[in-house]
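Here is a short briefing on a few helices and strands. Keep the structure in view as you read.

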Amino acid sequence: MAAPAKRARVGGCSSVAAPCPAPRVARAPLPPSGPGRGHVTSFSPLAAAGPSGGEPRGDAVAGFLRWCAGVGLELSPKVAVTRQGTVAGYGMVALESVQPGELLFAVPRSALLSPHTCSISGLLERERGALQSLSGWVPLLLALLHELQAPASPWSPYIALWPELGRLEHPMFWPEEERLRLLKGTGVPEAVEKDLVNIRSEYYSIVLPFMEAHSDLFSPSVRSLELYRQLVALVMAYSFQEPLEEDDAEKEPNSPLMVPAADILNHIANHNANLEYSADSLRMVATQPIPKGHEIFNTYGQMANWQLIHMYGFAEPYPDNTNDTADIQMVTVRDAALQGTKDETERLLLCERWDFLCKLDMVGEEGAFVIGREEVLTEEELATTLKVLCMSPEEFSAYEEQPGWGEEEREEDGLAIINIPKLQESWRRLLRDSVLLTLQTYATDLKTEQDLLGNKEVYAQLSWREQQALQVRYGQKMILYHLLELTS
């Protein structure tokens, strides 16, 4: 499977999350060049360097815009693709004031690059059964592999604007030593390792045999694990996924799509545009007033910095990412509780309670409790875990017979961030001990990182990767230290 392995955000004894589908909006940036870019908050796919052998970037943009006109991709006269006035690389800027609800551009479905629109769509449909995988990405990846090397691909002007695949900044392309040194404790190294194993397995078990069976359609130049890994990162970071209709909530997620023009927009959490899906086209629509000369931003959704760097290769600087989170591994709470046991009998009783929580699908060996700045995203799981692990033997016996016992008794036991100081003392102590154990997993302390962020000259001397990893670590630690204050 090729999709990124995310840490489980909720409980469950099988808590390694299944491979996630492509995000609705995404993009993998290149590191910015030139001085003064240390605090860039978002990035564009139209990076300065073009694909090897491609035409110069200015010509590529002009060629892409001609292609847009030819396929019916309509851009509003109020917007322009440019490097001027953007936070990084190419982006889209308002030439005139734009009001909420105004159409910025519309992409006809025929202009989407997908397994259904590519040059080998018929073959991919006939072989659909053989191309099934946990990720669900294989058909799109094969479509990209084919179009990438097809001499007369109708998608060439669009492909010319892809970033140079060898320069993608996802942590999966960092040396392992650097990844561990910079991101230890964040959960990213573990997620990347799962990705790499899954990508290799998917390539050799499904993708390579398919390309070899259809060697007339796939030249030897694209039969490469490294290229496949790069295209996985491209799909991870640039693809869109159409949301299911409310009535289809039980269905499998839609397959990812490549959406020309939409992947030009840069990202910030406080975005001013949003992609809408209709039967005939995908429409980028303004959601806020956009003054003349201001950049137009899309969003990747509510994503923490660890997810941004894992899937897109960058992080938002603190405190810009209001969706940032910190994880407390579920087993860390168990370990913190075990620290407080006095003898083997108490340890066995606590393990019994943990097993009970596993049976309730509240916890798992690889799951995590997710803490945001203003809320606990896994409130039910964490509240139930704290309650069960802190119960007296008598209370646990009653709860075991009737799960849910006592839930109505204390409203202040709700795990909204503002309610944490009101929790029972035993709950707060266990939560605090869990936070302290979590902080020990990082390779650096908060004071060191505060010093780096507080000294602009020193920060500017850090490498691109060091800067992004620092933002990930610091954002998580600020959430964890806030929890320490609330549980004191």
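Strands β1 and β4 (residues 103-108) run antiparallel and are joined by two bridges. Keep in mind that this is a predicted model. The points below start with the sheet, then turn to the helices.

**The sheet**
- The open sheet has four strands, in the order β1-β4-β9-β8. Their pairing is antiparallel.
- β1 (74-75) and β8 (273-277) stand at the edges. Each has a single partner strand, so one side of each lacks a neighbour in the sheet.

**Helix α6**
- Helix α6 covers residues 188-213, which is 26 residues.
- At 1.5 Å a residue, α6 should span 38 Å. Its end C-alpha atoms are 36 Å apart, which agrees.
- α6 also has a kink of about 45°, centred on Tyr 203.

**Helices α8 and α16**
- Two packed helices are described by the angle and the distance between their axes.
- The axes of α8 (residues 305-312) and α16 (residues 464-487) come within 9 Å. They cross at roughly 155°.
- Angles over 145 degrees count as roughly antiparallel, so α8 is roughly antiparallel to α16.
- On the α8 side, Asn 305, Trp 306 and Ile 309 make the contact.

Technical notes:
Residues numbered from 1 in each chain as written. Predicted model: local features only at pLDDT ≥ 70, side-chain atom pairs only at ≥ 80, totals over all residues. Heavy atoms only, no water. Axes fitted to C-alpha atoms, helices over the stretch in contact; angles between N-to-C directions. Parallel < 35°, antiparallel > 145°, perpendicular 65-115°, else oblique. Contact = heavy atoms within 4.5 Å. Expected span 1.5 Å × (residues − 1). Bend = angle between axes of the 7 residues up to and from the residue. Pairing = 2+ DSSP bridges.
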